[in-house]
Amino acid sequence: MRTGASSPPPPWRRHCLCSELLVFLLFLWGTSEANEELAALPPRGWNSYDSFSWTVDESAYLQNAHILADKLLPHGYQYAVIDFLWYRKYVDGAYTDSYGFDNIDEWGRPFPDLQRFPSSRVDRGFSQIASMVHGMGLKFGIHLMKGISVQAVNANTPILDIKTGKPYLEDGRQWTARDIGLTHRTCAWMPHGFMSVNTDTGAGRAFLRSLYRQYADWGVDFVKVDCIFGTDYSPEEIITISELLQEIDRPIVLSLSPGTEVTPALAENISDHVNMYRITGDDWDNWNDVSSHFSVSSSFAAAKKIGATGLRGRSWPDLDMLPFGWLTNPSVNQGPHRKCNLTLDEQKTQMALWSMAKSPLMYGGDLRHLDDITLSIITNPTLLKINHYSKNNMEFHYVYSERKSKKEHSGRFRSPHHVHLTKNDGIFVGLTACSDDTANGWYMFSQDGKPDHVCRNYKIQNEKSIPFCLGKTKPLLASDIIIMDNMEHQSKFHLSVRNTRDTCLDASAGRRRTASELRFLMFSACRWHAKQMWELNANGNLVSSYSGLCAMVESSDGGTSGARAWVATGSKEEIYLAFFNLDSTSRKMAARISDLGKVLRRAFLRKHLCSCTEVWSGKNFSLAKEEISAVVNPHGSVVFEIIC
């Protein structure tokens, strides 16, 4: 052997080196994936709810996933999500709030319905389906309810300690589901289904840790957690879930639902901990649902919440799914059976607003019936570019418009920033974060020496201050399955309308609500449940025991008619201007170029060198004049791309 020359390693050593290199490369790949910025752009994908409600099965899901991979993945739609109740048996008697039909394992955790998802027989999980979805180049998602199931609490299942693989022990005893389930905080619209978990206990955190570690083991990339935000606000559980997901090497997008119109003040406390969060009720295929999104999306843009810091990356206010194509109806026990009720103009308007507001884009129709027109709407290249890469997205208030039959100039549009709960003579009770100034000013009003009303002064248009009052009654214990500790809640009270003592104000609806039902009266028979319990604190806040949110009042002004406009800038300094006509008659709409320049802090030099294209039609417009204008169809939109 020559001096200084090294001999080749023996065959066994070469094999070890290759194995070590492979392990090292896999480690680097996994580390890179874990450290990648999560939801750096608004997520896109397909969700089964609008087309299947809760009855989707493995065959229908995989058929949709294949089409998603083939037709929509090239356009950035990558998440294939199984929506709620995948663990419920599809049998007679089972529905959204039925009891006793869910599959739960020995640790109180739900597992898939084996009849609908036969591949789950391998491990009572979704690992087989997740593997198939990953093989298509997609990412796998599931819907979850908050906390723990009522079935698990009633069965008093033990809690798994994933560190030992045995029941969780603390303080010398074994903890069970009854120790962590908050029976007075069941989901308002699914009280027989799920309840919040006490995250102040080690056992509560151990249960949630066992849940989300199991989902990661299945190969889940996306979780949509329901009945935990909006009027069902559970900030402790949201933050706990976020912390537990950060313990897991696998990056998992955290989405919150349902929303029921959320305020920016409410989102302020949780947007850092999630990746997307619903800010409206369920969006279905009717114009009232679509138009209700304009004001709330504007308020979140003004609050700089679009693309704010989130869990391991960014967070995005979510306007809900796109209910186009072949659909079902809300809360039914059957799959798709009808066409979308929105007109073509209304679908384009929805797609344009979702894109300008940079909402996540989750298609809801059955992809097996995807037609070319719908495909062209949801894959419009300019709108998808706006949705992912634009910046400075905001409502543009300097739009001028007139109806074809009646002149009507639009001024600035003010957006309601609150969760509307109930109506009383044109004034609404809503919920917002207690730090919001609008939550202050409640006081006890005595009549005949008895403090039997809770009031707040409210200023109406003629500048006179009048009190808005609700009746205060002390709740009596009743034969309700959900009982709260009497000593702990002795300072709580019910609120009723005028002198009605058997109908009480709810802090959250007893059923899922659509986006256009925000002002649905929320009173029901009085009972001892946290969603009907209130407390007046020393700061003048009327606090809900269910969510910890505070009540406020405002006048009715939905902002769901007239002319609206949005503006944004592109990654190459393009300018995007969108006109929206919320009325049922055509409007001529215009914006001055000087106003665009002021809002975007841009100087339009040599306008004759700029090109202006309308996105939907491809028509070119001239910028030689001092304004840009177009006639917009009823419930329609036009979107301009201006390149200078």
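Reader: In what order do the nine strands of the open sheet run?
Author: The order is 14-15-13-12-11-3-2-1-18, with mixed pairing; strands are DSSP runs of E with at least two residues, numbered from the N terminus, and two of them pair if DSSP finds at least two bridges between them. This is a predicted model, in which local features need pLDDT of at least 70 and side-chain atom pairs count only at pLDDT 80 or more, while totals for chains, interfaces and linings use all residues. Residues are numbered from 1 along each chain as its sequence is written, and side-chain values use heavy atoms, leaving out hydrogens and water.

Reader: Which strands stand at the edges?
Author: Strand 14 (308-310) and strand 18 (361-363) do, each having a single partner strand, so one side of each has no neighbour in the sheet.

Reader: And how do strands 11 and 12 pair?
Author: Strand 11 (residues 222-226) and strand 12 (residues 253-256) are parallel over four bridges, with K224 opposite S255.

Reader: Switching to cysteines, how many disulfides are there?
Author: There are five disulfides, each being a pair of cysteine sulfur atoms within 2.5 Å. One of them joins C434 to C550, S to S 2.0 Å, and these two cysteines are 116 residues apart.

Reader: Is C550 buried or exposed?
Author: C550 is buried at 0% relative accessibility, whereas C434 is partly exposed at 26%; buried means under 20% relative accessible area, exposed over 50%, and partly exposed in between, using a 1.4 Å probe and protein chains only.
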